[in-house]
Amino acid sequence: MTLAVGEVRLQARGSLELIWGRLARPFDPAEVVEALLGVSLQDARGLVGVALATSREAEELLRGMNASIRGLVSSTTASERCLGEVRGPVLWSETASARGSSHGAEDLFVCLTPTRAYDTPENRMVVAALDLVWHAAREARHDSFGGESRREEAYRRGEAARRWLQYPTLRGVPPERPRPRTLQRVRKSKRRWVYEPALALLEKAQVPLEPEELVSLADVPTLRRWWLLAEIVATLESVGRELPPFRVEDGVLLSGPVLFRHPTCPRGVERGFAGVMLGTLVADVALDDEREDATALIRIESMAGGRPCMLVRDRRDVERVVEIAYELARQ
């Protein structure tokens, strides 16, 4: 392949979008980044943390909290055990149960007393969103991609989220992702403007990075390996082979007989290969300084761990990889 770097990145973007679209949902974004870029899981979590903490959704959530905090829904009644006095309407069923467990104390009542409680499903959703920003900012300390300015911005937003979590109204409210009934209630509510930023942040947290962001971070060999992986998947499906969604196991990306392990990924070493493996055949691309096929093959053989291997330079080689893998499977 003799494409210029810009062309390689453009080509790789389409390849990564194919892979990204075939990931089994939900997935751990950090594990996917680890597998695709070949970085440590800690570095991957740092990159994901920076992306989420500095996202537009995080900014809008924090920017609107001054107004949102005044619009939170609240529960205005609660039950209270009262001894020797009645502080509100008596809940007789609860009172009978309470007296039964208190040796029949006749002056014990369970009353409905007015109070203002903010521990509601809607507010737990806001706390969950703020908690995600705070934890993302903590993970961002390990980021080695985004630069000092992005890490500092992530830290500032994390501190802002932490302060809101300590606000009297929200203190003691546990984080909880919204259930379908809560979502339906929020979207029909007149106060949906209060909760929409939290909903958007929770949705962003599922996929905090887009494919084009990873393309900008990857080196050229990695981009070419994504192209190889996508081409093998496309070729298999063109001949009628249906593949399951991609998933990640210990740094290795898998889809049926197709496996991908980045050569620099710290995990997955026990599988004994690096590159793209189809069945028992390992394939990889040439590096920029490998002008001779023999030079590239020596390196690929070392990555294959004794398995059959191939060098791929173009689409014709990809078709040959699929043919040989089928032949090996029939043997």
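## Close-up views of cavity, pockets, helices and loops

**View 1. The largest cavity has a volume of about 30 Å³.** This is a predicted model, in which local features need pLDDT of at least 70 and side-chain atom pairs pLDDT 80 or more, while totals for chains, interfaces and linings use all residues. Residues are numbered from 1 along each chain as its sequence is written, and side-chain values use heavy atoms, leaving out hydrogens and water. The search, on a 1 Å grid over the protein atoms alone, calls a set of points a cavity if a 1.4 Å probe fits but cannot get out; a volume is the space filled by probe spheres on points joined across faces, edges and corners. The count by this rule is 1 cavity of 30 Å³ or more. Which residues line the largest cavity? Look for Leu-61, Met-65, Ser-68, Val-126, Val-194, Pro-197 and Ala-198, each with an atom within 4 Å of a point. Helix H5 (65-68) and H10 each give two or more residues to this lining, and H10 has the largest share, with 3 residues. (Helices, of at least four residues, are DSSP runs of H or I, and strands, of at least two, are runs of E, numbered from the N terminus.) By class, 6 lining residues of the largest cavity are nonpolar, 1 is polar and none is charged. Here Ala, Val, Leu, Ile, Met, Phe, Trp, Tyr, Cys and Pro are nonpolar, Asp, Glu, Lys and Arg charged, and the others, Gly among them, polar.

**View 2. H4 meets H10.** Stay with H10 and bring in helix H4, residues 56-63. The two axes come within 9 Å and cross at roughly 155 degrees. (Axes are lines fitted to C-alpha atoms, for helices over the stretch in contact, and angles run from 0 to 180 degrees between N-to-C directions.) H4 and H10 are therefore roughly antiparallel to each other, the name for angles over 145 degrees. Which residues meet here? Glu-57, Ala-58, Glu-60 and Leu-61 come from H4, and Pro-197, Ala-198, Ala-200, Leu-201 and Lys-204 from H10, where contact means heavy atoms within 4.5 Å. This contact has 6 nonpolar and 3 charged residues, but no polar ones. You have already met Leu-61, Pro-197 and Ala-198 in the lining of the largest cavity.

**View 3. The second largest pocket has a volume of about 210 Å³.** A pocket, unlike a cavity, is an open set of points, with protein on both sides within 12 Å along at least five of seven lines. H10 is back again, giving 7 residues, the largest share of the lining of the second largest pocket. Among the lining residues are Arg-177, Pro-178, Leu-183, Arg-187, Arg-192, Glu-196 and Leu-199. Ala-200, also in the contact of H4 with H10, belongs to this lining too. The lining of the second largest pocket has 5 nonpolar, 1 polar and 5 charged residues.

**View 4. The largest pocket has a volume of about 270 Å³.** How many residues line the largest pocket? There are 14, and Arg-45, Val-48, Leu-52, Leu-132 and Glu-139 lie nearest its centre. Helix H2 (29-37), helix H3 (41-53) and helix H7 (121-139) each supply at least two lining residues. Sorted by class, the lining of the largest pocket has 8 nonpolar, 2 polar and 4 charged residues.

**View 5. H3 packs against H7 at an angle of about 135 degrees.** The axes of H3 and H7 are 7 Å apart. That angle makes H3 oblique to H7, the word for what is left after under 35 (roughly parallel), over 145 and 65 to 115 degrees (roughly perpendicular). On the H3 side, find Arg-45, Gly-46, Gly-49, Val-50, Leu-52 and Ala-53; on the H7 side, find Leu-132, Val-133, Ala-136, Ala-137 and Glu-139. The contact of H3 with H7 includes 7 nonpolar, 2 polar and 2 charged residues. Arg-45, Leu-52, Leu-132 and Glu-139 are also among the residues nearest the centre of the largest pocket.

View 6. Most residues other than glycine have a negative phi, and most peptide bonds are trans. Pro-26 sits in the loop between helix H1 (5-21) and H2, and the peptide bond from Arg-25 to Pro-26 is cis, with omega near -10 degrees. Asp-250, in the loop between strand S3 (247-249) and strand S4 (252-255), has a positive phi, near 50 degrees. Thr-264 lies in the loop between strand S5 (258-261) and strand S6 (275-278). Where does Thr-264 make contact, not counting residues up to four places away in sequence? Thr-264 touches Leu-37 and Gly-38. From Thr-264 to Thr-222 there are 42 residues in sequence and 10.0 Å in space, C-alpha to C-alpha.
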